[in-house]
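Thanks for coming. Please look at the model on the screen, and I will talk through some of its aromatic rings.

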Amino acid sequence: MAKIILTGDRPTGRLHVGHYVGSLKRRVELQNSGEFDKIYIMIADAQALTDNADNPDKVRENIIEVALDYLACGLDPSKSTIFIQSMIPELTELTFYYMNLVTVSRLQRNPTVKNEIKMRNFEASIPVGFFNYPISQAADITAFKATVVPVGEDQMPMIEQTKEIVHKFNSVYGEALVDPQILLPDNEACLRLPGIDGKAKMSKSLGNCIYLAEEPEEIKKKVMSMYTDPDHIKITDPGKLEGNTVFTYLDAFSKPEHFERYLPEYANLDELKAHYTKGGLGDVKVKKFLNNVIQEELEPIRNRRKEYQKDIAYVYDVLKKGSEEAEKVAAQTLSDVKAAMRINYFDDEELIARHIEKYKEQ
Ligand code: TRP
């Protein structure tokens, strides 16, 4: 069976380092591994509208930002098909049919949706489209017959929901859909990179993100202001690693060669951690090291982004061509689905012949 990747992001803002370590970096590695037959990367504008219905311009303006971030990270249009969700009308049609296979109570149990409903104050009145987005996400994944979906941990319930829809569909209508596997980051820190304030999630509204396109001075300011151990007051005090954002970021970003370059007194992160917990190592020194590490990682991304920013017409062309290609694939799946569901009337000669026969004698 072909190995196919599908994943994507809602275009509601620029992408940040949480997106990067949680998914983007991995996508580029998977792309360059050459192990996959097809890679689809979707800018999920229709899904973004499910909770931004009254703010279409936000979604519209951020499509190019997300596309630039993708290209800046190294997604390569000659290897990966980058496209816009709403350009593929087949996805809405698939969603409509899958809706028959899911109950309201099942949707209500989705923990990510539950959490988002709370965060958006939707408790009193949930938009139907928003409530339904896990089903639409199942359409995104199955339309491309994806076998692997690399995403962050918060997307796990969507993939579970997708698998249930696939099993239900295949058992009711016959095998037409492919069962996808989730691919999570293998590094614990990358799974849930906190904001610079130590809060659980990076979010634009909390103002606690480091963006991929951020300028060096801004990155430094943010790193130097990061949340650490509030009880680590004097340098000689023993420090705590748990909940210490600077060390979580080092877990996500640092490699042994960074120590050689920027902090040769320590062989690796374990030695640095040991010194910190024993006492005698100040936060500023650790933060300066982290700043060097993040600067090194983000510099080539920022520079590549600036190159693509000079040719926005090219980026739109990438999205247009990608969307055209993606639509062909989704159309084939929709046709398979409709045949399985027995709602393909005009190309079923047997059906028409049988009905002719049925009414011949009148
Ligand atoms: N829900 C994802 C997010 O919040 C975006 C998304 C939409 C997606 N459809 C998808 C991710 C299909 C993976 C597969 O960013």
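Y40 is buried, with a relative accessibility of 3%; buried means under 20% relative accessible area, with exposed over 50% and partly exposed in between, using a 1.4 Å probe and protein chains only. F144 also counts as buried, at 1%, and F83 is buried at 0%.

A word on the source: this is a predicted model, where local features need pLDDT of at least 70, side-chain atom pairs count only at pLDDT 80 or more, and totals for chains, interfaces and linings use all residues. Residues are numbered from 1 along each chain as its sequence is written, and side-chain values use heavy atoms, leaving out hydrogens and water.

Now the pairs. The structure holds eleven aromatic pairs. Rings of Phe, Tyr and Trp (its six-membered ring) pair if their centres lie within 6.5 Å; planes under 30 degrees apart are stacked, over 60 edge-to-face, and the rest tilted. Y40 and F144 form a tilted pair, 4.7 Å centre to centre with 40 degrees between the planes. Y40 lies in strand 2 (residues 38–43) and F144 in the loop between helix 8 (133–143) and strand 4 (148–150), so this pair ties together parts 104 residues apart in sequence. Helices (H or I, at least four residues) and strands (E, at least two) are DSSP runs, numbered from the N terminus.

What is the geometry of the rings of F83 and F144? Their centres are 5.1 Å apart and their planes at 45 degrees, so that pair is tilted. F83 lies in strand 3 (residues 81–84), so its pair with F144 ties together parts 61 residues apart in sequence. Y40, F83 and F144 form one aromatic cluster.
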